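Hi,

Here is the structure we talked about. Please open it and read the notes below alongside.

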Amino acid sequence: GCAYRRTALEAVGGWDEKQLIEDRDLFLRLAERFDQQQMGQRLVHYRRHSMASANNPPFMIEGWERFFSKHSARFGKRLGDRRAEMYRSYAALSVDRGELRQAARLLAKSLRLRPMKVASYRTLGYWIRRSAGASRGHS
């Protein structure tokens, strides 16, 4: 949970409703301009559920791509790393779910962006193990 001063929201232009993950976009713009404070105690509990947008890889990937496109200058040389990691992480989630074709497509995108990232090869190994198990009838 976050609380913002109205003047801070207005100063950065408020929520960008063209963004699918508009909270990340807003947080970045606020963080670049204003100091942040953390509370000493937890005031909010974040509940995850299967219907959340975060559990929809195609939606989230489109959201991240819009975010990266809007803020590409802010990331500079790190943009490729961030995009590669985004694809890799959704590939791993897809492997977890047994969505191996989708995982393969996402992992290929990650490896094209950053072919020397060790994490992508670990995820590739995970995909291979799950694919071999699936072809033998194991889940």
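Which helix does S94 lie in? S94 sits in helix 5, residues 79–96. Helices here are DSSP runs (H or I, at least four residues), numbered from the N terminus.

Two points on the source. This is a predicted model: local features need pLDDT of at least 70, side-chain atom pairs count only at pLDDT 80 or more, and totals for chains, interfaces and linings use all residues. Residues are numbered from 1 along each chain as its sequence is written, and side-chain values use heavy atoms, with hydrogens and water left out.

S94 is buried, at 0% relative accessible area (buried means under 20%, with a 1.4 Å probe and protein chains only). A polar atom of the S94 side chain lies 2.9 Å from the backbone oxygen of Y90. Not counting residues up to four places away in sequence, S94 touches E99, Q102, A103 and L106 (contact: heavy atoms within 4.5 Å).

Now the helix pairs.

Helix 3 (residues 57–70) and helix 5 have axes that come within 11 Å and cross at roughly 175°. Axes are lines fitted to C-alpha atoms over the stretch in contact, and angles run from 0 to 180 degrees between N-to-C directions. The two are therefore roughly antiparallel (over 145 degrees). Helix 3 contributes P57, M60, I61, W64, E65 and F68 to the contact, and helix 5 contributes L79, R82, R83, M86, Y87, Y90 and L93.

Helix 6 (residues 100–113) and helix 7 (residues 118–135) also have axes within 11 Å, crossing at roughly 160°. That makes helix 6 roughly antiparallel to helix 7.

Best wishes

Methods
Buried means under 20% relative accessible area, exposed over 50%, partly exposed in between (1.4 Å probe, protein chains only). A polar contact is a pair of N or O atoms within 3.5 Å; within protein, one must be able to donate a hydrogen and the other to accept it, and residues adjacent in sequence count only if both atoms are side-chain atoms. Angles under 35 degrees count as roughly parallel, over 145 as roughly antiparallel, 65 to 115 as roughly perpendicular and the rest as oblique.
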